[in-house]
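This briefing covers a sheet, its neighbouring helix, the nonpolar cores and the relation between the chains.

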2 protein chains.
Amino acid sequence: HQGYTSACIGKWHLGHLPQYLPTNNGFDYYFGLPYSNDMDRVGGPQGRAAFWDPKSEYWNVPLMRNEQIIERPADQNTLTRRYTEEAVRFIERSKDRPFFLYVAQTMVHVPLFVSNDFRGKSPRGLYGDAVEEIDWSVGRIVETLRREGLAENTLFVFTSDNGPWLPYDQHGGSAGLLREGKGCTYEGGMREPCILWWPGTIQPGVVHDLGTTMDLYTTIVKLAGGEPPSDRVVDGLDLRPALFGTGPSPRDTVFYYRGTELFAVRKGPYKAHFVTQSGYGGDKPVRHDPPVLYHLGQDPSEKFDIARDHPEMIAEILKEVERHRQGLVRGQDQLSQRIEKGP
Amino acid sequence: HQGYTSACIGKWHLGHLPQYLPTNNGFDYYFGLPYSNDMDRVGGPQGRAAFWDPKSEYWNVPLMRNEQIIERPADQNTLTRRYTEEAVRFIERSKDRPFFLYVAQTMVHVPLFVSNDFRGKSPRGLYGDAVEEIDWSVGRIVETLRREGLAENTLFVFTSDNGPWLPYDQHGGSAGLLREGKGCTYEGGMREPCILWWPGTIQPGVVHDLGTTMDLYTTIVKLAGGEPPSDRVVDGLDLRPALFGTGPSPRDTVFYYRGTELFAVRKGPYKAHFVTQSGYGGDKPVRHDPPVLYHLGQDPSEKFDIARDHPEMIAEILKEVERHRQGLVRGQDQLSQRIEKGP
């Protein structure tokens with residue numbers, strides 16, 4: 001802990017049984033939904049129609065404080081606002097000691113909800129309205145850090161977990177020029193914006209170096225004066241050189257898995273796809289030998305296979321895969337032990 | 001003229017014969033290529049390969065000053081830099097009287113060229129390098145306006161003529177989340193960024209209202225104290241309310257033509273496609289009755305046809321088409337009179 005008090009606010013999706021909840025896994029405080037907001041579906045129109053005009057009562061998701069359910073179904077229209085208020089209160093009551101706050105907004109995951117203040121506010125429909133409320137939320141949290149005089153002593157990280165959920169059309173978001181979306185290993189599924197803000201310590205700028213969400217753990221533990229555990233392999237790297245401008249990011253490769261299978265590998269600007277499959281298209285995986293190769297700097301949309309022109313890069317990536325496989329320790333399959341209950 | 005001195009620098013594509021050149025059509029000064037930089041092809045590898053590693057001598061395009069050819073083939077590596085220097089000099093020598101400067105950069109149109117200072121500078125390959133040199137050019141012009149104390153007395157407009165030329169892969173650019181590219185009436189072909197800068201007069205902000213390049217003529221003539229001619233129909237509208245924040249843009253509809261055929265009509269956020277065809281895909285035009293309807297606010301990528309849910313909007317757009325057709329005066333076909341010469 002390094003003396004830090006901690007809170008998890010928002011979505012938790014590592015198990016809703018008591019032993020898996022945040023407060024039994026290192027967090028001092030928890031407020032949120034223990035899984036996705038489209039689960040526990042109990043009503044509303046059939047199929048996707050429920051998502052086009054969503055009502056909270058269609059999904060019987062529980063809102064929890066620590067280990068207690070305080071509202072079920074949660075009134076989802078108020079979630080972004082209440083998460084924000086909880087975050088602001090946690091900062092206010094923790095401001096005199098070190099703290100770690102993890103806010104995982106439930107929006108903009110379908111079904112989409114907004115408070116009345118944001119309904120119809122954007123030209124982008126319900127999705128845009130929900131994004132505008134998230135933007136408001138970020139503003140409130142940053143403003144709180146400034147007001148409490150904590151901005152210069154706090155690392156603020158804003159990022160996301162995956163790309164747009166394409167089967168939900170306008171309600172699923174857009175990956176812009178990136179190919180495909182959530183559920184697959186094309187950039188539209190995996191590449192996310194990440195903004196790190198720490199006035200006076202991180203200089204404003206855009207960094208093109210690589211980093212992954214796994215690196216946040218290692219980087220933040222080190223910033224807090226700790227050391228990642230040494231009794232196991234930790235995949236995260238220390239991004240401090242890239243953040244503070246003292247050197248390049250230590251990360252040069254990214255391994256893209258789908259389930260337990262390695263689908264693609266990125267090395268520098270090059271990305272080799274050994275297997276490709278759309279996120280939710282219903283198509284079967286297609287294996288490529290030699291792999292399909294893209295240069296993400298020149299071709300971020302992954303359109304133009306340049307494998308034939310770069311056999312040396314494919315050879316280099318295959319060597320990385322070999323090194324990676326040698327260090328791989330297969331974890332225990334927890335899903336095979338899960339208790340399935342009927343509806 | 002309203003007392004303005006004027007210059008055209010860069011690409012001109014309204015005829016290269018003397019009577020069609022800028023100095024015989026209202027401009028006091030001209031420096032540039034009189035047509036596209038991929039014309040007059042005289043050498044290099046077959047097909048598209050010449051574009052992947054372009055050399056100036058493959059295209060015998062003339063660089064002109066006023067009505068004289070001063071270099072042929074033009075050294076295209078230096079064009080962005082020389083256009084910029086010409087623009088800066090024109091501002092410097094015109095600073096004491098009203099002036100109108102039209103700079104039409106030849107880049108980033110294939111074949112792509114950059115000066116040595118910008119070669120290899122971007123992570124985006126030759127296309128990115130050329131964009132960075134355009135960015136430098138804009139910076140030099142803005143800086144000149146500031147240095148000469150003209151920024152507060154000058155309307156600066158930055159825009160483009162069409163979307164990416166998709167057959168040229170990484171060298172043709174990207175329309176981001178917009179559908180398709182140059183040559184077609186989907187948004188990827190037609191929608192362009194437009195930045196208007198006039199410190200102290202235009203407030204910083206993002207305007208979602210509609211405007212077209214045709215509106216610049218009317219708006220700028222009015223700003224210069226003139227009136228557009230009244231002996232013919234002028235399609236441009238006066239965008240001043242939107243620029244100065246005094247009201248909405250007067251433009252509510254856009255008519256999208258391909259050749260002489262009306263392919264699509266936009267009204268507010270809605271866009272109806274009567275005919276669709278890819279820009280350079282070799283496919284035939286497909287006619288739609290009822291038209292395909294998209295809501296560009298909620299679906300900027302034109303993916304989700306909502307015609308069935310909005311017959312009232314289609315009826316309204318058909319009424320606009322009727323009004324438009326009643327006011328239409330067909331121009332004389334100048335192309336039928338052109339002189340064709342063999343190679």
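**Sheet, cores and symmetry**

In chain B, four strands make an open antiparallel sheet ordered β8-β9-β10-β11; strands pair if DSSP finds at least two bridges between them, and strands (E, at least two residues) and helices (H or I, at least four) are DSSP runs numbered from the N terminus. The model is predicted: local features need pLDDT of at least 70, side-chain atom pairs count only at pLDDT 80 or more, and totals for chains, interfaces and linings use all residues. Residues are numbered from 1 along each chain as its sequence is written, chains are lettered from A in the order in which they are written, and side-chain values use heavy atoms, without hydrogens and water.

- Six bridges join β8(B) to the antiparallel β9(B) (residues 261–267).
- B:Val254 has B:Arg266 in β9(B) as its bridge partner.

**Nonpolar cores**
- The largest nonpolar core has 21 residues, and B:Leu33, B:Leu63 and B:Tyr83 are among those with the most contacts inside it; such a core joins buried (under 20% relative accessible area, 1.4 Å probe, protein chains only) Ala, Val, Leu, Ile, Met, Phe, Trp, Tyr and Cys residues through side-chain atoms within 4.5 Å.
- α2(B) gives the most to this core, five residues.
- Apart from this core lies another of 20 residues, among them A:Phe31 and A:Leu63.

**Symmetry**
- A 180° rotation with 0.0 Å of shift along its axis superposes chain B on chain A, RMSD 0.0 Å, by least squares on C-alpha atoms of residues with pLDDT of at least 70 in both.
- The two copies are thus related as by a two-fold rotation axis.

How values were computed
Buried means under 20% relative accessible area, exposed over 50%, partly exposed in between (1.4 Å probe, protein chains only).
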